[in-house]
Amino acid sequence: GVGAGALAALAAGLATPRGALDRYGHCGFAGGSIALIVSTFRASGAAAAAGFGLSVLYGCLVAALAAAFAGAVLADPGVVTAGGGADRLQAVVDLARRGKLDDGVLCPTCLVPRAPRSKHDPTLDRCVRRFDHYCPFVANAVGARNYKFFCAFLLLVVVTIALHLALVLPRLRPCGPGGAARDAAG
């Protein structure tokens, strides 16, 4: 499932050497937003006012959102590989001998045989199976192997924010001139 896959992707990401994780530095906006909605939920008093059932639902949604986010960030999007340098060279030579060496069969940038519906992602500098797009919010390409995490992340963002707004907006108090006096009077 999505949860087990996200945990496996997170574990693999944590086991990766630090230099390999440098591209994840600019996805803090989405991760910080998840932390912000949790902190405003608690700080606004909505957690206490919502009751046990809605608080548990909210917690489960945030946990699922964090897992889907981790999966979208850390999962391999479906990078096409062709082995080492000798294997790539042999693949190019074989295609040339058969007269089938063109852009449709071999990626001109990374010199790997193209899989069906794959495309070269210039941000990752690799070919990705069923490449959809590069998403800066998850700092990863969206492709064949992480598409389900990305879609789950988008769905859970919408549902979690909707529940968050429904629970937190009624708890907000007016600010500015007269706001404190209205709070004391009311």
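## Exercises on aromatic contacts and the nonpolar core

In this predicted model, K148 lies over the face of F149, with 5.6 Å to the ring centre.

**Exercise 1.** Determine how many aromatic pairs a search of the whole structure finds, and classify the geometry.

*Solution.* Since F69 belongs to helix α3 (residues 46-74) and F153 to helix α5 (residues 147-168), the pair ties together parts that are 84 residues apart in sequence.

**Exercise 2.** Decide whether F69 and F153 are buried or exposed.

*Solution.* Buried means under 20% relative accessible area. F69, at 12% relative accessibility, therefore counts as buried, and F153, at 7%, counts as buried as well.

**Exercise 3.** Describe the largest nonpolar core and the elements that give two or more residues to it.

*Solution.* This core has 26 residues, and those with the most contacts inside it include F41, F69 and F153. The elements giving two or more residues are α2 (28-43), α3 and α5, and the largest share, ten residues, comes from α3. Leaving aside neighbours within four places in sequence, F41 is in contact with residues including Y58, H164 and L167.

**Exercise 4.** Locate G59 and state what separates its C-alpha atom from that of T160.

*Solution.* G59 is placed in helix α3 and, at 37% relative accessibility, counts as partly exposed. The C-alpha atoms of G59 and T160 are separated by 9.5 Å, although the two residues are 101 residues apart along the chain.

Notes
Residues are numbered from 1 along each chain as its sequence is written. This is a predicted model: local features need pLDDT of at least 70, side-chain atom pairs count only at pLDDT 80 or more; totals for chains, interfaces and linings use all residues. Side-chain values use heavy atoms; hydrogens and water are left out. Rings of Phe, Tyr and Trp (its six-membered ring) pair if their centres lie within 6.5 Å; planes under 30 degrees apart count as stacked, over 60 as edge-to-face and the rest as tilted. Helices (H or I, at least four residues) and strands (E, at least two) are DSSP runs, numbered from the N terminus. Buried means under 20% relative accessible area, exposed over 50%, partly exposed in between (1.4 Å probe, protein chains only). A charge sits over a ring if NZ of Lys or CZ of Arg is within 6 Å of the ring centre and within 35 degrees of the ring normal. A nonpolar core is a set of buried Ala, Val, Leu, Ile, Met, Phe, Trp, Tyr and Cys residues joined through side-chain atoms within 4.5 Å. Contact means heavy atoms within 4.5 Å.
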